[in-house]
Amino acid sequence: MGERDEKSKQIEMKDFTEATSSTKSPIIKMVTQMGDNIQNTQDHDQFPKKNNNNNGHSSSSSSHMNHINPLLIVFFTINDLKVGKKLPIYFPKRDPSKSPPFLPKQKADSIPFSLKQLPQILSYFSFPSDSHQAQAVKETLQQCELKPIKGETKFCATSMESMLDFVRTSLIIPTKSSSLSSFKLVKTSHLTKSNVHFQNYTIFDTPMEIAAPKLVACHTMPYPYAIYYCHYQEGDNNVLKINLEGENGDRVEALAICHMDTSQWSPTHPSFQVLKLQPGDMPICHFFPADDFVWIPIAA
């Protein structure tokens, strides 16, 4: 490996180490596959507890939510989509400059990426097998190799090129088109800066529905370089942009998806725990953190 590649790898390792060294377990964020998988993480101290100095938490957040993994405080029902409605929401805020970068496709394809190659991967990145980083790598590979749920097509993108190929295929966009004119990315935007992650937010404007007959959702995964778990799922889903204002004045233009039919979801899906519902009771929605996003086709 050349000196430049070695320096680049060291930078990536530094960012990844900073992102995982303070947790006992990595944050795995896949809304449609949380189910039983998330139960294995709920006993771990993944997030700071609410404390009296309000470091990253609003003092008046719902007491019910204080007993739930903050990762799960993103769910709401379609009946909540009203101007003036107040919702407790956890929005993780990460410094984009410290996020692991995408590798060029040629380089990403040259690095092993499978659970059976875990020893080689840990050796490549010089991770001790008992380290937080090794555990994060292992869990990401496990999630990427899980069998898709019914009606889902999934893919872990190791480069921007591979992500766009998956998006084109999933949205049935002709592969001869090399531009991004046929689809676009939508995401959550934080319009103000603060270190508060968990607080009550109020819907202060009428939610805007984004026409999206098909969509591909992509979620960041903990890894030494950028990995996105992307999935296309059949079904009736509504994409929304929702303007929110936090108790501290934070403004968020939040991306959310509403799943109109939950009758086939597992009863162990965490949304039912949070909302105290059962499969098929009503449409369930969830917010996206700022570093996850959705690809949707652009109407001709």
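Which residues of α5 are buried?

1. The model is predicted. In helix α5, the buried residues are Gln-133, Ala-134, Ala-136, Val-137, Glu-139, Thr-140, Leu-141, Gln-143 and Cys-144. The list takes in Glu-139 along with residues such as Val-137 and Leu-141.

2. Helix α5 itself covers residues 132–144, which is 13 residues. From its first C-alpha to its last, helix α5 reaches 18 Å, close to the 18 Å expected at 1.5 Å a residue.

3. Leu-81 lies in a loop, with β1 (75–77) on one side and β2 (86–90) on the other. Its relative accessibility is 22%, so Leu-81 counts as partly exposed; the cut-off for buried is under 20%.

4. What does Leu-81 touch, once neighbours within four places in sequence are left aside? The contacts of Leu-81 are Phe-76, Ile-203, Pro-207, Leu-240, Ile-242 and Cys-258. One of these, Ile-203, is 122 residues away along the chain, yet the C-alpha atoms of Leu-81 and Ile-203 are separated by 7.8 Å.

5. On the aromatic side chains, the count comes to 14 aromatic pairs. Tyr-124 and Phe-125 make up an edge-to-face pair, with 4.8 Å from centre to centre and 85° between the planes. The angle is over 60 degrees, so the pair counts as edge-to-face. Tyr-124 has a relative accessible area of 25% and is therefore partly exposed, whereas Phe-125, at 4%, is buried.

6. Which ring lies under the charged end of Arg-251? It is the ring of Phe-204: the charged end of Arg-251 sits over that ring, 4.1 Å from its centre.

Methods
Residues numbered from 1 in each chain as written. Predicted model: local features only at pLDDT ≥ 70, side-chain atom pairs only at ≥ 80, totals over all residues. Heavy atoms only, no water. Helix = DSSP H or I, 4+ residues; strand = E, 2+ residues; numbered from the N terminus. Buried < 20%, exposed > 50% of the residue type's maximum accessible area, 1.4 Å probe, protein only. Contact = heavy atoms within 4.5 Å. Phe/Tyr/Trp six-rings, centres within 6.5 Å; stacked < 30°, edge-to-face > 60°. Lys NZ or Arg CZ within 6 Å of the ring centre and 35° of its normal. Expected span 1.5 Å × (residues − 1).
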